[in-house]
Amino acid sequence: MVVHFMDQLFNHGNLAVIDRFVRPDYIQHNPNSPDGPDALRRLVTGLRAEHPQLHVTVQRAIAEGDLVLLHSHSVSEPGDKGDAIVDIFRIQDGRIAEHWDVIQPVPDTTVSGNDMFSTLSAPQRQWPDPSVSTAASKRVATAMFNEVTQDRDATALDRYAVDPFYQHNPQSPNGTAAAKAFFSSVLENPGFSVSVKRVIAEGDYVAFHALYKFAPNDPGNAVLDLYRVRDGKVVEHWDVIQPVPAASANDNTMF
């Protein structure tokens with residue numbers, strides 16, 4: 001439903017899907033839009049008027065419970081690098097009740113040479129593998145994430161991840177050593193903190209929606225970290241990072 005909704009809304013300008021799939025009490029966490037289906041209608045109408053060739057390609061979708069996560073590549077004009085976007089939707093009684101997103105411009109180059117969307121670990125499938133235990137993947141990825149960010153122990157990467165550990169963060173090289181070195185440096189900052197807001201997993205994919213801060217008064221960054229777990233080890237990582245703005249069109253925060 002959510003993939004169809006996004007395709008119809010952004011790629012075809014079919015505003016009727018808002019009436020069909022969005023609840024009248026729709027809660028919005030995108031800082032550029034107020035609550036409600038009418039505000040969503042105005043947002044999409046404005047975007048498509050400004051960028052008539054706008055196209056959103058869903059790269060992967062993850063669903064757990066009442067939450068659906070889409071990892072997408074949005075391109076405003078042909079030839080543009082576009083944006084990496086993660087949208088999270090909460091479903092209530094068969095309709096979309098709430099929405100969060102994180103948006104990051106796609107850079108011209110990446111340190112690793114990997115793009116922000118592809119799957120490089122085997123098997124090279126984009127969407128969750130139904131043969132892989134969601135609970136097992138969630139245990140492994142959550143243990144690694146919590147031990148690194150909450151226990152401040154970067155050596156957790158040695159226990160839970162395995163090389164070549166493909167990296168899609170544009171600033172990071174591949175490999176567990178590089179990831180461990182990055183977190184070791186960050187964790188030296190006593191003001192660094194990560195507050196996990198929600199975890200969504202399906203099959204071999206596990207996503208963490210969190211607020212990263214580098215000082216107590218820092219507005220921080222909304223971050224979506226996405227990990228792939230194969231054979232009990234974390235093998236690949238994608239993320240989307242957006243600074244939390246000082247002001248918002250709604251009172252809901254980004255989380």
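**A tour from the sheet to the salt bridges**

Begin by selecting R90, which stands opposite E98 of strand β5. The model is a predicted one.

Next, display the whole sheet. Five strands make up an open sheet with mixed pairing, in the order β1-β5-β4-β3-β2. At its edges are β1 (22-28) and β2 (55-64), each of which pairs on one side only. On average, and ignoring direction, neighbouring strands of this sheet are turned by 25° against each other.

Now select helix α1 (residues 2-12) together with helix α3 (residues 37-50). Their axes lie 9 Å apart and the helices pack at an angle of about 45°, so α1 and α3 are oblique to each other. Show the side chains at the contact: α1 contributes F5, L9, F10, N11 and H12, while α3 contributes L40, V44, L47 and R48. Of the residues in this contact, six are nonpolar, two polar and one charged.

Select K138 and E64, whose side chains meet in one of them at 2.9 Å, N to O. K138 belongs to helix α4 (residues 134-149) and E64 to strand β2, so this pair ties together parts 74 residues apart in sequence. K138 is partly exposed at 26% relative accessibility, and E64 is partly exposed at 25%.

Finally, centre on R159. The side chain of R159 forms a salt bridge with E147 (2.7 Å, N to O) and another with D153 (3.0 Å, N to O). E147 is buried, at 18% relative accessible area, whereas R159 is partly exposed at 37%.

Notes
Residues numbered from 1 in each chain as written. Predicted model: local features only at pLDDT ≥ 70, side-chain atom pairs only at ≥ 80, totals over all residues. Heavy atoms only, no water. Axes fitted to C-alpha atoms, helices over the stretch in contact; angles between N-to-C directions. Helix = DSSP H or I, 4+ residues; strand = E, 2+ residues; numbered from the N terminus. Parallel < 35°, antiparallel > 145°, perpendicular 65-115°, else oblique. Contact = heavy atoms within 4.5 Å. Nonpolar A, V, L, I, M, F, W, Y, C, P; charged D, E, K, R; others polar. Pairing = 2+ DSSP bridges. Salt bridge = Lys/Arg side-chain N within 4 Å of Asp/Glu carboxyl O. Buried < 20%, exposed > 50% of the residue type's maximum accessible area, 1.4 Å probe, protein only.
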